Amino acid sequence: MRQIDVVTIFPEMFEPYLGSSIIGKARERGLVAVNVHNLRDHTEDKHRTTDDTPYGGGPGMVMKIEPIARAFESIKNDGLPTRSILVTPQGRRFDQGMAEEFSKDERRLLILCGRYEGVDERVVEQYIDDEVSVGDYVLTGGELPALVIIDASVRLLPGVLGDEGSLEDESFSWGILDYPQYTRPPQWGGKGVPEVLTSGNHAGIDRYRRKEALRRTMARRPDLLDKARLDSNDMRLIEEIKEEE
Ligand code: ADE
């Protein structure tokens, strides 16, 4: 993934986020290109209409075919191999595995941001490879989900994170929650820092962190433990945690 194109009726929502911080720097350095297209630029009527009432009746509006078709045709006109996704609550749920898949995909990622009650199903059939949701809640549109997907995928591209060690650490802990972190001062409001972290005992620190990561995951996200990559050490730590309860 070296290029991302986004089709939206709110292009102004993207630049403040995508121009800042790590993603902004990655773009400046040419590690990824992001182009945001205004769907209304592909309308042909005076009112720049992008939606219409649903066949069969019911509440809300549906995104029309023709502006989307024109936008997609004009973007794909450059001949780049393209993977097209629609962000919608009806999609497959986005996760770290999908972010990895997108970041490794050589094709340009083309993201259509849904609005209103949805998109004419014929658009999906004609142009969309995957429908993707960012979680089981309903937002007002696909713009934040598109930003979530771009952010999570671009940060995995080679060279984007300055500190490559942080990705290695992350792939090691893949599938469970992170351990608690501390920084200076050593005493704050009567609260200290776990002693092992200032001991200089690296094996002790690794063990403490892994155990606390497992403790959190057991308490907050037990569902993750079934899929996580756990070894015999982890199983021992889990037994210890259970005995401490
Ligand atoms: N559009 C509205 N809500 C959404 C969600 N949860 N994921 C993706 N697109 C959406």
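Domain bounds here come from an automatic or database domain assignment. The model is predicted.

**Entry 1: the whole chain**

I began with the overall layout. The protein chain has ten helices and seven strands. Its radius of gyration is 23 Å, well over the 18 Å that the globule rule gives for 245 residues, so the chain is more spread out than a compact globule. I then looked up the extents. The C-alpha trace spans about 70 × 45 × 40 Å along its principal axes. Buried residues make up 41% of the 245 residues.

**Entry 2: the largest pocket**

I went to the largest pocket next. Its volume is about 650 Å³. It is lined by 22 residues, and the closest to its centre are Gln96, Trp174, Gly175, Ile176 and Leu224. Which domains supply the lining? I found at least three residues from each of domain 1 (3-154) and domain 2 (170-244).

I sorted the lining by helix. H4 (96-104), H7 (164-172) and H9 (222-225) each give at least two residues. The largest share comes from H7, with three residues. By class, I noted seven nonpolar, seven polar and eight charged residues in this lining.

**Entry 3: the second largest pocket**

The second largest pocket has a volume of about 430 Å³. I noted 25 lining residues, with Val87, Thr88, Pro89, Gln90 and Gly118 the closest to the centre. Strand E5 (82-93), helix H5 (121-127) and strand E7 (130-133) each supply at least two residues of this lining. Which element gives the most? E5 does, with five residues.

**Entry 4: Ile241**

I ended on a single residue. Ile241 lies in helix H10, which covers residues 232-244. Is Ile241 buried or exposed? The cut-off for buried is under 20% relative accessible area. Ile241 has 0% relative accessibility, so I logged Ile241 as buried.

I then listed its partners, leaving out residues up to four places away in sequence. Ile241 touches Lys211, Leu214, Arg215 and Met218. I also looked up the spacing to Glu212. Ile241 and Glu212 are 29 residues apart in sequence, and their C-alpha atoms are 9.0 Å apart in space.

Notes. Residues are numbered from 1 along each chain as its sequence is written. This is a predicted model: local features need pLDDT of at least 70, side-chain atom pairs count only at pLDDT 80 or more; totals for chains, interfaces and linings use all residues. Side-chain values use heavy atoms; hydrogens and water are left out. On a 1 Å grid over the protein atoms alone, a cavity is a set of points where a 1.4 Å probe fits but cannot get out, and a pocket is an open set with protein on both sides within 12 Å along at least five of seven lines; lining residues have an atom within 4 Å of a point. Grid points are joined across faces, edges and corners, and a volume is the space filled by probe spheres set on the points. Helices (H or I, at least four residues) and strands (E, at least two) are DSSP runs, numbered from the N terminus. Ala, Val, Leu, Ile, Met, Phe, Trp, Tyr, Cys and Pro count as nonpolar, Asp, Glu, Lys and Arg as charged, and the others, Gly among them, as polar. Buried means under 20% relative accessible area, exposed over 50%, partly exposed in between (1.4 Å probe, protein chains only). Contact means heavy atoms within 4.5 Å. The radius of gyration is taken over C-alpha atoms; the globule rule is 2.2 Å times the number of residues to the power 0.38.
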